[in-house]
Amino acid sequence: MSLIRLEDITKTYHLGEIDVPVLRGVSIEIKQGELVALMGASGSGKTTLMNLLGCLDHPTSGRHWFEDEEISGYNADQRANLRNRKIGFVFQSFNLLPRTNALEQVIMPLTYAVHKVHDWEEIERGSDLLASVGLADRMHHEPSQMSGGQQQRVAIARALVNRPQLLLADEPTGNLDSRTSEEILRMFQELNAAGLTIIIVTHDANVAAHATRIIHMRDGKIEGDNAGTGRPEPGAGHSQIQNSNGGQSNGGQRAGARVSVAEPALVAAGVGANEPGAIVAGHQIDAVHALDPQAPVAPVPAQPIEGTTAKTETEHRTRKSKLWTMHILPRTLSVAFKALQRNKTRSFLTTLGILIGVAAVIAMMEIGQGSK
């Protein structure tokens with residue numbers, strides 16, 4: 001069954017009067033349960049494609065389906081909601097909050113979940129995930145008390161806490177040594193064997209060798225796709241990858257600026273700064289349609305969202321207001337109080353400064369009135 005399908009996707013960044021095309025008619029299909037490595041040189045468009053696959057950005061033109069539902073025209077709030085429910089992120093730099101222990105890091109996405117779970121269930125789910133990644137004895141440690149490999153394991157557990165259907169990993173072993181990298185990649189293989197769809201963005205052929213399928217990009221196009229050939233041999237060079245037509249790729253040139261996204265820790269948690277209540281503190285191989293690089297590209301405009309009448313817009317705003325009052329506001333206050341508790345000294349000094357400032361203003365006003 002198809003999980004993701006892209007059809008003639010293009011992405012162009014507008015830098016002043018200059019248009020920078022990054023994706024040039026990408027068509028691809030990813031089945032449920034696949035372990036895919038997305039490879040390419042810097043500037044080939046692989047990070048931009050990952051942003052589109054993860055609903056961090058929207059295409060300039062083309063059509064995007066997720067579970068047979070077209071999401072090309074989703075707005076920022078709808079994309080954030082989809083990310084929170086169905087997509088997990090693992091990044092090279094971990095994106096952990098500095099003064100937060102591992103258990104709180106893992107359960108943070110549940111704070112922003114549409115369907116709130118009980119506190120005891122949050123703790124139980126987070127504890128089980130940390131135990132599954134081998135950190136049962138480190139769940140009350142902060143990032144500064146853990147190694148790089150342990151921090152990445154926490155990031156993986158956090159990405160899985162909402163039980164997503166898709167896991168996106170952007171250079172997940174870039175900051176790790178070879179032994180720890182091998183452990184993380186084996187963990188990805190185990191998760192994939194359990195049925196999770198995983199896409200790894202990398203330029204390292206040794207990392208890609210752990211995938212069941214490699215997609216190679218160059219100059220914003222799909223240049224090679226080894227769907228149906230099984231896992232490649234470890235040690236295959238990443239500068240030259242055999243494509244499905246027998247051609248070879250030597251990497252690509254930088255295609256343009258990268259999209260900037262919301263605060264990293266919140267993005268890694270599956271939410272975005274545009275989501276209401278967000279606080280900025282971050283398959284087996286099957287047939288796949290690969291775009292012919294030589295074929296002319298006919299961009300298809302992104303489809304608008306259905307039902308955007310004035311009545312439906314009013315109903316949407318009403319539901320959004322109720323959601324804010326009943327769910328988002330209490331969670332936001334809860335996150336705020338937890339932040340105050342984690343930074344007691346800073347919170348005390350800030351409060352003391354406010355008290356002194358208010359007292360000084362009142363005293364000066366009274367002295368002025370008394371002088372008159």
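This is a predicted model: local features need pLDDT of at least 70, side-chain atom pairs count only at pLDDT 80 or more; totals for chains, interfaces and linings use all residues.

Me: What makes Glu-183 and Arg-153 a salt bridge?

Reply: The side chains of Glu-183 and Arg-153 meet at 3.0 Å, N to O. The cut-off is 4 Å, and the pair is therefore a salt bridge. Glu-183 lies in helix H6 and Arg-153 in helix H5, so the pair ties together parts that are 30 residues apart in sequence.

Me: Why is Glu-183 put in its accessibility class?

Reply: Glu-183 has a relative accessible area of 23%. That falls between the limits of 20% and 50%, so Glu-183 is partly exposed.

Me: How many salt bridges are there by this rule?

Reply: The count comes to 10 salt bridges. One of them joins the side chains of Asp-57 and Lys-11, at 3.4 Å from N to O.

Me: Which parts does the pair of Asp-57 and Lys-11 tie together?

Reply: Asp-57 is in the loop between helix H1 (46-53) and strand E4 (61-66), while Lys-11 is in strand E1 (residues 2-15), so the bridge ties together parts that are 46 residues apart in sequence. Both Asp-57 and Lys-11 are buried.

Me: Which residues are linked in a network of salt bridges?

Reply: Glu-34, Arg-213 and Asp-225 are linked in this way.

Me: What makes the contact between Glu-29 and Lys-31 a polar contact?

Reply: The side chains of Glu-29 and Lys-31 make this contact at 3.1 Å, and the cut-off is 3.5 Å. Glu-29 is found in strand E2 (residues 18-31). Its relative accessible area is 16%, so Glu-29 is buried.

Me: Where is Val-22, and how do you know whether it is buried or exposed?

Reply: Val-22 is in strand E2. Its relative accessibility is 3%, so Val-22 counts as buried. The C-alpha atoms of Val-22 and Lys-11 are separated by 5.6 Å, and these residues are 11 residues apart along the chain.

Me: Why is the pair of Phe-89 and Phe-91 given its name as an aromatic pair?

Reply: The structure holds 1 aromatic pair. The ring centres of Phe-89 and Phe-91 are 5.9 Å apart, within the 6.5 Å limit, and the planes are at 5 degrees, under 30, so the pair is stacked. Phe-89 has 0% relative accessibility and therefore counts as buried. Phe-91, at 13%, also counts as buried.

Me: Which residues touch the most other members of the largest nonpolar core?

Reply: That core has 39 residues, and Leu-130, Val-154, Phe-188 and Ile-200 touch the most other members. Among the elements that each supply at least two residues are strand E3 (35-40), helix H4 (119-132) and strand E8 (197-202). A second, separate core of 30 residues includes Leu-3, Ile-28, Val-36 and Met-217. In soluble globular proteins, nonpolar side chains tend to be buried together.

Me: What is Val-154 in contact with, leaving aside its neighbours within four places in sequence?

Reply: Val-154 is in contact with Leu-96, Ala-102, Gln-105, Val-106, Leu-130, Leu-135 and Met-146.

Me: How do you know that the span of helix H10 agrees with what it should be?

Reply: Helix H10 (residues 344-371) has 28 residues and, at 1.5 Å a residue, should span 40 Å. The end C-alpha atoms of H10 are 40 Å apart, which agrees. Of its 28 residues, the number buried is 1, so H10 lies largely in the open.

Me: What do Glu-67 and Asp-68 have for phi?

Reply: Glu-67 has a positive phi of about 55 degrees although it is not a glycine. Asp-68 has a positive phi of about 65 degrees, and it is not a glycine either. Glu-67 is in the loop between E4 and strand E5 (69-70), and Asp-68 is in the loop between E4 and E5.

Terms used:
Residues are numbered from 1 along each chain as its sequence is written. Side-chain values use heavy atoms; hydrogens and water are left out. A nonpolar core is a set of buried Ala, Val, Leu, Ile, Met, Phe, Trp, Tyr and Cys residues joined through side-chain atoms within 4.5 Å. Buried means under 20% relative accessible area, exposed over 50%, partly exposed in between (1.4 Å probe, protein chains only). Helices (H or I, at least four residues) and strands (E, at least two) are DSSP runs, numbered from the N terminus. Contact means heavy atoms within 4.5 Å. The expected span of a helix is 1.5 Å times one less than its number of residues. A polar contact is a pair of N or O atoms within 3.5 Å; within protein, one must be able to donate a hydrogen and the other to accept it, and residues adjacent in sequence count only if both atoms are side-chain atoms. Rings of Phe, Tyr and Trp (its six-membered ring) pair if their centres lie within 6.5 Å; planes under 30 degrees apart count as stacked, over 60 as edge-to-face and the rest as tilted.
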